[in-house]
Amino acid sequence: MPDLAERTVPKLAQLHAAARSLLETLDEAGMSLVTAESCTGGFLASLLTDIEGLSHGFDRGFVTYSDAAKQQMLGIDRALIDRAGAVSEPVARAMAEESLSRSRGGLALAITGFAGDADPEEKEGPGVTFVAAAIPHQSWVYRIDYGERPRHEVRNLAAAAALAVGMRALAWRQAL
């Protein structure tokens, strides 16, 4: 299992291999996946649908880049976003849990963070990302600080972390 705070930016082939592994595990479990993405803008969903023969394990993806989209598409309370910030543990958890509840998925992965300059009104700085996973009745959130680096690097690192978090969640579910 890769370190979530890995600093080496994965290549596309590595991301596809991780996506394939997650989709194979989901297929074996008879489950499907849903995503809720902010700073990655649908990149995780794209990686998952790139996998020929296994993309049926992907139920749907929510790209909720703006606060309004998080509210409208996922039903996240504006007061939570105002209180905690869009880039925060509570919002990442809500994104995962709410996307799961709005889908047929058995696993949800959510990403929110700053892939470029941070909003000066937010509590977190550039490169900070929250990755969340949810299965029915359980969720996890990880805070990862990639530091200041180009947007595409944070996007790739966050997608890799989400795929790893998905595998961790499935392993935990299997252990029950």
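Which residues of the largest nonpolar core touch the most other members? Before I answer, please keep in mind that what we are looking at is a predicted model. In that core, which has 34 residues, the ones touching the most other members are Leu-22, Leu-26, Leu-48, Leu-107 and Leu-109. Two or more residues each come from helix 1 (12-29), helix 2 (43-49), strand 3, strand 4 (128-135), strand 5 (138-145) and helix 6 (151-175), and of these it is helix 6 that gives the most, with 10 residues. Apart from this core there is another, of 24 residues, and among them are Ala-36, Phe-62, Ala-96 and Val-128.

Let me turn to helix 3, which spans residues 67-74 and whose buried residues are Ala-69, Lys-70 and Leu-74. These residues cover an arc of only 105° around the axis, which puts them on the same side of helix 3. As for what covers them, the list includes strand 1 (33-37), strand 2 (58-63), helix 4 (78-84), helix 5 and strand 3 (107-113).

Helix 3 is followed by Gly-75, which has a positive phi, near 75°, and which is found in the loop between helix 3 and helix 4. With a relative accessibility of 42%, Gly-75 counts as partly exposed, and, if we do not count residues up to four places away in sequence, Gly-75 touches Lys-70 and Arg-102. From Gly-75 to Ala-94 the separation is 19 residues in sequence, and 8.9 Å in space, C-alpha to C-alpha.

Ala-94 is also one of the contacts of Ser-99, a residue of helix 5 (residues 89-101). Ser-99 counts as buried because its relative accessibility is 0%. Leaving aside neighbours within four places in sequence, the contacts of Ser-99 are Val-34, Ala-36, Phe-62, Leu-74, Ala-94 and Ala-108.

I will finish with the rings. How many aromatic pairs does a search of the whole structure find? The search finds 1, and it is formed by Trp-140 and Trp-172, whose ring centres are 5.2 Å apart and whose planes are at 75°, so that the pair is edge-to-face. Since Trp-140 lies in strand 5 and Trp-172 in helix 6, the pair ties together parts that are 32 residues apart in sequence. Trp-140, at 16% relative accessibility, counts as buried, whereas Trp-172, at 35%, counts as partly exposed.

Two arginines also sit over aromatic rings. The charged end of Arg-155 is over the ring of Phe-43, at 4.1 Å from the centre of that ring, while Arg-168 lies over the face of Tyr-142, 5.5 Å from the ring centre.

Technical notes: Residues are numbered from 1 along each chain as its sequence is written. This is a predicted model: local features need pLDDT of at least 70, side-chain atom pairs count only at pLDDT 80 or more; totals for chains, interfaces and linings use all residues. Side-chain values use heavy atoms; hydrogens and water are left out. Helices (H or I, at least four residues) and strands (E, at least two) are DSSP runs, numbered from the N terminus. Buried means under 20% relative accessible area, exposed over 50%, partly exposed in between (1.4 Å probe, protein chains only). Contact means heavy atoms within 4.5 Å. The arc is that of the directions from the helix axis to the C-beta atoms. A nonpolar core is a set of buried Ala, Val, Leu, Ile, Met, Phe, Trp, Tyr and Cys residues joined through side-chain atoms within 4.5 Å. Rings of Phe, Tyr and Trp (its six-membered ring) pair if their centres lie within 6.5 Å; planes under 30 degrees apart count as stacked, over 60 as edge-to-face and the rest as tilted. A charge sits over a ring if NZ of Lys or CZ of Arg is within 6 Å of the ring centre and within 35 degrees of the ring normal.
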